[in-house]
Amino acid sequence: MNELLVLLLALAWIMISFLALGLFALARQIGILHERISPLGVLPFQGGIKVGEKTKPFELKDIDEGRSPVRIGGEHPLKKDCLVLFISPRCPLCKKLLPGISTLSRSLNDIELVFASDGEDKSEHEKIRNLKYLAPFPYVVSRELGVFFGVASLPYAVFINAEGKVMAKGLVNSIEQLEGLIEHGRSPKNERGRWPALTFRADSRLI
């Protein structure tokens, strides 16, 4: 009788172990699927400064203290448009988006690209700051900046024209969406800075 009870308990533990492994595998697949799903378009948020309004100027330190201070907002001294891309070292979607920046940057010669983030762990920011496709660009850490622009999710982009006006902003999960936001922000027809939702092919994937 005791041997039968021990055998049943052993079988029960084996089944529980297989069940736990199955749940772990399912959770992992859900996470992978979540990262791979492409949204239908840029998702605008209503918080912070509104599209079409002029920004106040921010003078921020680069995470690399050897670099010059970074100016965001207000009238640009060199009459250049500015693209602020909010990211995080712990954001999976940001890590998928960033490698495409090196290709995109070739067409941004007349646009100042600035990376922005938040958080107190300086080592994490320095690690992502030193990536080859981020190294050429300014990188600032400022919670106030994110609150001002109404950043609710990442990666989030804000396009500011040379006069300091926000022309487009929204959540961008792919290079295609980021390019679309830039194109809309620079469009002469974008008088009010309205940002329409974009639609992508069903087979579109994150970069």
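Author: Happy to! One term comes up throughout: a residue is called buried when its relative accessible area is under 20%, exposed when that area is over 50%, and partly exposed in between. By that rule, buried residues make up 40% of the 207 residues in this protein. Please keep in mind that the model is predicted.

First, some orientation. The protein has 6 helices and 7 strands, and along the sequence they follow the pattern α-β-β-β-α-α-β-α-β-α-β-β-α. Among contacts with a separation of 6 or more, 71% are between residues 24 or more positions apart.

The part I would like to show you is helix α4, which spans residues 122-129. Let us begin with its buried side. His 125, Ile 128 and Arg 129 are buried in this helix. Looking down the axis of α4, you would find its buried residues within an arc of 105°, so they line one face of the helix.

Now for the charged residues. Lys 122 is partly exposed because its relative accessibility is 37%, and Glu 126 also counts as partly exposed, at 33%. Their side chains meet in a salt bridge, 4.0 Å from N to O. Both residues lie in α4, 4 residues apart, which is about one turn of the helix.

Lys 122 has another partner as well: Glu 65, with the closest N and O atoms 3.3 Å apart. This pair links distant parts of the chain, since Glu 65 sits in the loop between β1 (58-60) and β2 (70-72), 57 residues away from Lys 122. Glu 65 is exposed, because its relative accessibility is 64%. Through shared partners, the salt bridges join Glu 65, Lys 122 and Glu 126 into one network.

One more pair belongs in this tour. In the loop between β4 and α4, Asp 118 forms a salt bridge with Arg 143 at 3.6 Å, N to O. Arg 143 is in helix α5 (residues 143-149), 25 residues from Asp 118. Asp 118 is partly exposed at 40%, whereas Arg 143 is exposed at 58%. The whole structure holds 10 salt bridges.

Terms used
Residues numbered from 1 in each chain as written. Predicted model: local features only at pLDDT ≥ 70, side-chain atom pairs only at ≥ 80, totals over all residues. Heavy atoms only, no water. Buried < 20%, exposed > 50% of the residue type's maximum accessible area, 1.4 Å probe, protein only. Helix = DSSP H or I, 4+ residues; strand = E, 2+ residues; numbered from the N terminus. Arc of directions from axis to C-beta. Contact = heavy atoms within 4.5 Å.
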